[in-house]
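Here is a chain to be read with its definitions in hand. The questions below ask what stands behind each description.

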Amino acid sequence: AEIALTKMGAGDFQDEIPEKHLNRNDEFGSMMRSLEKMQANMRNLIRSVKQSGDTMLHSANMLSESTHDASEAGANIAGATDQIAMMATEQAETITQLVSG
């Protein structure tokens with residue numbers, strides 16, 4: 001039990017508490033069973049935090065891709081707008097020449 005408790009104190013919740021300690025019918029056994037429940041809850045909490053971190057990482061990657069796509073779309077729109085402006089300028093010059101000419 002001491003080794004398992006020392007590891008838990010260091011943040012390692014992988015080792016199981018020996019059955020012989022869990023099966024005792026005294027205060028020590030009761031304490032070990034409570035400790036086992038705490039260990040299971042900590043494992044679940046750690047698993048949940050890891051899953052949340054994985055989800056956040058995935059969401060951040062998706063957001064990055066969306067931002068990149070939006071940036072490309074913005075650049076394409078800017079290029080198309082420049083072309084439209086250039087064509088409008090050319091048309092205005094052509095109309096001016098026709099009217100003047």
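Q: How do you know in which helix His21 is found?
A: His21 is found in helix α2, which covers residues 19-22; helices here are DSSP runs of H or I with at least four residues, strands are runs of E with at least two, and both are numbered from the N terminus. The model is a predicted one, in which local features need pLDDT of at least 70 and side-chain atom pairs count only at pLDDT 80 or more, while totals for chains, interfaces and linings use all residues. Residues are numbered from 1 along each chain as its sequence is written, and side-chain values use heavy atoms, with hydrogens and water left out.

Q: Why is His21 called buried?
A: The relative accessible area of His21 is 13%, and buried means under 20%, exposed over 50% and partly exposed in between, with a 1.4 Å probe and protein chains only; His21 therefore counts as buried.

Q: What does His21 touch, not counting residues up to four places away in sequence?
A: His21 touches Ala1, Phe28, Gly29 and Met32, where contact means heavy atoms within 4.5 Å.

Q: What makes up the secondary structure of the protein chain?
A: The secondary structure comes to 3 helices and 0 strands, and read along the sequence the pattern is α-α-α.

Q: Why is the protein chain described as more spread out than a compact globule?
A: The radius of gyration, taken over C-alpha atoms, is set against a globule rule of 2.2 Å times the number of residues to the power 0.38. For 101 residues that rule gives 13 Å, whereas the protein chain has 34 Å, well over that value, so the chain is more spread out than a compact globule. Along the principal axes, its C-alpha atoms fill a box of roughly 110 × 20 × 15 Å, and 10% of the 101 residues count as buried.

Q: Where is Arg43 placed, and which residues is Arg43 in contact with, leaving aside neighbours within four places in sequence?
A: Arg43 has its place in helix α3, residues 27-100, and is in contact with Phe13, Gln14, Asp15 and Glu16. Between the C-alpha atoms of Arg43 and Gly79, which are 36 residues apart along the chain, the separation is 54 Å.

Q: Which residues does the UniProt annotation "domain: HAMP" cover?
A: In the unreviewed UniProt entry, this annotation covers residues 4-47; positions are given in the numbering used here, feature names are shortened, and annotations may be inferred rather than shown by experiment. Over residues 4-47 the chain is 70% helix and 0% strand, with the end C-alpha atoms 19 Å apart.
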